[in-house]
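Me: I am new to this one. Could you take me through it in short steps?

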Amino acid sequence: MFCIQPSPIQIEKLRAQCLADRAGAYTSFEGWVRDLNEGQKVNSLEYEAYQVLAEKEGTSILAEARERWDILSAVAEHRVGHLAIGDCAIYVGVSSQHRAAAFEACRYIVDSVKDRVPIWKKEHYTSGSTEWINCHKTIESG
């Protein structure tokens, strides 16, 4: 399950979806809003997504992880909207029979979501300025 949502991520609920009697390992990743980026003090973040495409691509990433590694379960959610310092922006959870598969699949999912899912991040700085960061640039044709 991959979901884009404006509400706070329910980590325990997602973790419960990974529980299985066959699972010997569980690993997770939580990405939090931090107060400093590249030397600038950050007040908050704002995320936007093309939800339909983001959820489709995120679901594909989870399916790819299931194909590549012997995992039992994989879930991921990403927030959109205005997030405060310390808020969880992304959660990924993976369970498997053995730890190596859980670790490798979790890292693959996190890295792939960052690279491929259409989610944009705007930083709000303590100076009052804002900036969209880590966004792919488009070239306008004339």
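Me: Which strand holds Glu 77?
Reply: This is a predicted model. Strand β5 covers residues 71-79. Glu 77 is found in strand β5.

Me: Glu 77 is buried, so how far away is the nearest side chain of opposite charge?
Reply: A salt bridge needs a nitrogen and a carboxyl oxygen within 4 Å. Glu 77 has no salt bridge. The nearest side chain of opposite charge is that of Lys 13, and its distance is 6.6 Å.

Me: Which side chain makes a polar contact with the side chain of Glu 77?
Reply: A polar contact pairs N or O atoms within 3.5 Å. The contact of Glu 77 is at 2.5 Å. The partner is the side chain of Gln 5.

Me: Where is Glu 123, and which side chain of opposite charge is nearest?
Reply: Glu 123 is found in strand β8. Glu 123 is buried, yet it has no salt bridge. At 4.8 Å, the nearest side chain of opposite charge belongs to Lys 121.

Me: How much space lies in the largest pocket?
Reply: The lining of the largest pocket has 29 residues. Tyr 47, His 78, Lys 114, Lys 121 and Asn 134 are the closest to its centre. The space in this pocket is about 670 Å³.

Me: Which element gives the most to the lining of the largest pocket?
Reply: Several elements each supply at least two residues, including β2, β4 and β8. The top contribution is six residues. It comes from α3.

Me: Is Glu 38 buried or exposed?
Reply: Glu 38 sits in the loop between β3 and β4. Its phi is near 45 degrees, a positive value in a residue other than glycine. Its relative accessibility is 78%, and exposed means over 50%. Therefore Glu 38 counts as exposed.

Me: What share of the chain counts as buried?
Reply: The chain has three helices and nine strands. Its C-alpha trace spans about 50 × 40 × 25 Å along the principal axes. Of its 142 residues, the share that counts as buried is 41%.

Notes
Residues are numbered from 1 along each chain as its sequence is written. This is a predicted model: local features need pLDDT of at least 70, side-chain atom pairs count only at pLDDT 80 or more; totals for chains, interfaces and linings use all residues. Side-chain values use heavy atoms; hydrogens and water are left out. On a 1 Å grid over the protein atoms alone, a cavity is a set of points where a 1.4 Å probe fits but cannot get out, and a pocket is an open set with protein on both sides within 12 Å along at least five of seven lines; lining residues have an atom within 4 Å of a point. Grid points are joined across faces, edges and corners, and a volume is the space filled by probe spheres set on the points. Helices (H or I, at least four residues) and strands (E, at least two) are DSSP runs, numbered from the N terminus. Buried means under 20% relative accessible area, exposed over 50%, partly exposed in between (1.4 Å probe, protein chains only). Lys and Arg count as positive and Asp and Glu as negative; His and the chain ends are not counted. A polar contact is a pair of N or O atoms within 3.5 Å; within protein, one must be able to donate a hydrogen and the other to accept it, and residues adjacent in sequence count only if both atoms are side-chain atoms.
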